[in-house]
Amino acid sequence: MIKVVNLKKSFGDNEVLKNINVEIKPQEVVVVIGPSGSGKSTFLRCINLLETITDGHVYIEGVDIADKSTNINKIRTEVGMVFQQFNLFPHMTVLENITLSPIKVRKLSKEAAKQKALELLRKVGLEEKADAYPDSLSGGQKQRIAIARALAMEPKIMLFDEPTSALDPEMVGEVLEVMRSLAKDGMTMVVVTHEMGFAREVGDRVLFMDGGYIVEENTPQELFENPQEERTKAFLSKVL
Amino acid sequence: MDIRFDIIIEYLPYLLKGTLLTIGLSVAGILFGMLLGLLIGLGEMIRNKILALPFLCYVGFFRGTPLFVQILIVNFGAVPLFLGKTNGIVAGVIALSLNSAAYVAEILRGGVQSIEKGQMEAARSLGLSHVQAMRYVILPQAFKRMIPPLGNEFIVLIKDSSLVSVIAAPEIVYWAQAMETQYYRVWEPYLTAAFLYLVLTLSLSFLLRFIERRLATE
């Protein structure tokens, strides 16, 4: 589903991703962990070209997204993204946030988009907030709306960039719950997170990144219980 | 210092006519300035640097040279070139519009840049094109933030319109100068002129604050 080959990314002289190779299968939930500055977020952002790729290739369903001839808007409709800061559109209601892209990009009728949005809102448990503005919502609610908004495009892959890091502790659970049910429904997911419990419980595979490399990857069980690399051990000893 | 109210009253009809022209010049200047300025502001933000260059040059020129000089160029150069002879009011409107367009363009650019980067990223990640993201997500938010600086620009324009008195457009200062010339008096004409400008700018800033409050509670 996603195949990353020799991916490199530099910001000026600063090489953030040094050589990333990974393959992600359909319906797989891959959790990316690692210290800050390890390149986790950059890696995620390269998968839907929010960062330009310096070198290497990222294939999504066989299409090289770094290729100039690829229609990146088309690819992005297949790849949903959820951000740490939610990034809801503050001038639109919840419903307008969710239906904007289906109407403008997918060319859905307003009514069809609305029905779809209400269904998604039910799924994230916020149907009654359809006409609210983002400012009136709590962080956890905002993030659930942001997930619903990404799902409205019916993506095949969902990327989560530290989706719970900006939340008050008591709101982390409700967002993880939505992600858990999404994983159960068979969504292909790549999740950058510091929630080790979630990684262990929901992840099919965990990638540990440090210094621009994937240092170690394994099933959550193996990686957490039996890390092979010194750097993984050092990191886990600090966070677990 | 004695004030001769009789000459103020004598000139009042002219000064009020001048006030109307000042309002007309400023309103026309801000309206045309906004239309042109929004286009230039969007032009400045074209990601292709070569295509953006003419717009950047425009803003550079009109912000980098005195409005007074621009008025003289338009009045004695540009307008006669196209109309055969000059016309103070036409030249005034053109010069004020061209000048305010440069500032409106910068206000637009500032408004757009003040929107968090995440908004554009979220819009793009949903598959919207850059143009769609600007139209539906960035610009509506930017416009709201542009209202206070645009109001400020309008107030500046009202005051700066006094410069067109030198090209014989009969606005407030033009009549004040006529009054000075006729009676050899300075306090009456210029204090009256100052008072008229104050009435205009204070009522406008009052109106703007009212609008801002309305928008804030929306």
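User: How many helices and strands does chain B have?
Analyst: In this predicted model, chain B has eight helices and zero strands. Read from the N terminus, its elements run α-α-α-α-α-α-α-α.

User: And what box do the C-alpha atoms of chain B fill?
Analyst: Taken along the principal axes, the C-alpha atoms of chain B fill a box of roughly 70 × 45 × 25 Å.

User: What is the mean pLDDT of chain B?
Analyst: The mean pLDDT of chain B is 95, and 100% of its residues reach 70 or more. For the complex, the predictor gives an ipTM of 0.93 and a pTM of 0.87.

User: Which domain does UniProt place in chain B?
Analyst: The unreviewed UniProt entry places "domain: ABC transmembrane type-1" at residues 19–208 of chain B. That span is 84% helix and 0% strand, and its end C-alpha atoms lie 20 Å apart.

User: Where does UniProt place the feature "transmembrane region" in chain B?
Analyst: The unreviewed entry in UniProt gives residues 20–43, 55–83, 89–108, 154–177 and 189–211 of chain B. Among them, residues 89–108 are 100% helix and 0% strand, with end C-alpha atoms 28 Å apart. Residues 189–211 of chain B are likewise 100% helix and 0% strand, and there the end C-alpha atoms lie 33 Å apart.

User: How many residues does helix α4 of chain B have?
Analyst: Helix α4 of chain B, residues 88–113, has 26 residues. From its first C-alpha to its last it reaches 37 Å, close to the 38 Å expected at 1.5 Å a residue.

User: What does B:Asn87 do at the start of α4(B)?
Analyst: A side-chain oxygen of B:Asn87 reaches to within 2.9 Å of the backbone nitrogen of B:Ile89.

User: Changing topic: how many residues of chain B are in contact with chain A?
Analyst: There are 17 residues of chain B in contact with 22 residues of chain A. The two chains bury about 1600 Å² between them, with 60% of that area on carbon and sulfur atoms.

User: Which three residues supply more of the area that chain B buries against chain A than any other three?
Analyst: They are B:Ser125, B:Leu126 and B:Tyr136, which supply 36% of the area that chain B buries against chain A.

User: How many salt bridges does the rule find across that interface?
Analyst: The rule finds one salt bridge across the interface of chain B and chain A. B:Glu121 forms a salt bridge with A:Arg45, and their closest N and O atoms are 2.5 Å apart. Between the two chains there are also seven residue pairs in polar contact.

User: Which helix supplies the largest share of the side of chain B that touches chain A?
Analyst: The largest share, eight residues, comes from α5(B). Helices α5 (117–125) and α6 (130–160) of chain B each supply at least two residues of that side.

User: What about chain A; which domain does UniProt place there?
Analyst: The unreviewed UniProt entry places "domain: ABC transporter" at residues 2–236 of chain A. Over those residues the chain is 38% helix and 26% strand, and the end C-alpha atoms are 27 Å apart.

User: With which residue does A:Glu177 form a salt bridge?
Analyst: A:Glu177 forms a salt bridge with A:Arg180, the closest N and O atoms being 2.8 Å apart. A:Glu177 and A:Arg180 are separated by about one helical turn because they are three residues apart in helix α6 (residues 169–184) of chain A.

User: And how many salt bridges are there over all chains?
Analyst: A search of the whole structure finds 24 salt bridges over all chains.

Note on methods. Residues numbered from 1 in each chain as written. Chains lettered and ligands numbered in written order. Predicted model: local features only at pLDDT ≥ 70, side-chain atom pairs only at ≥ 80, totals over all residues. Heavy atoms only, no water. UniProt positions renumbered as here; feature names shortened; annotations may be inferred. Helix = DSSP H or I, 4+ residues; strand = E, 2+ residues; numbered from the N terminus. Expected span 1.5 Å × (residues − 1). Polar contact = N/O pair within 3.5 Å; in protein donor to acceptor, adjacent residues only side chain to side chain. pLDDT = per-residue confidence, 0-100. Contact = heavy atoms within 4.5 Å. Buried area = accessible area lost by both parts, 1.4 Å probe. Salt bridge = Lys/Arg side-chain N within 4 Å of Asp/Glu carboxyl O.
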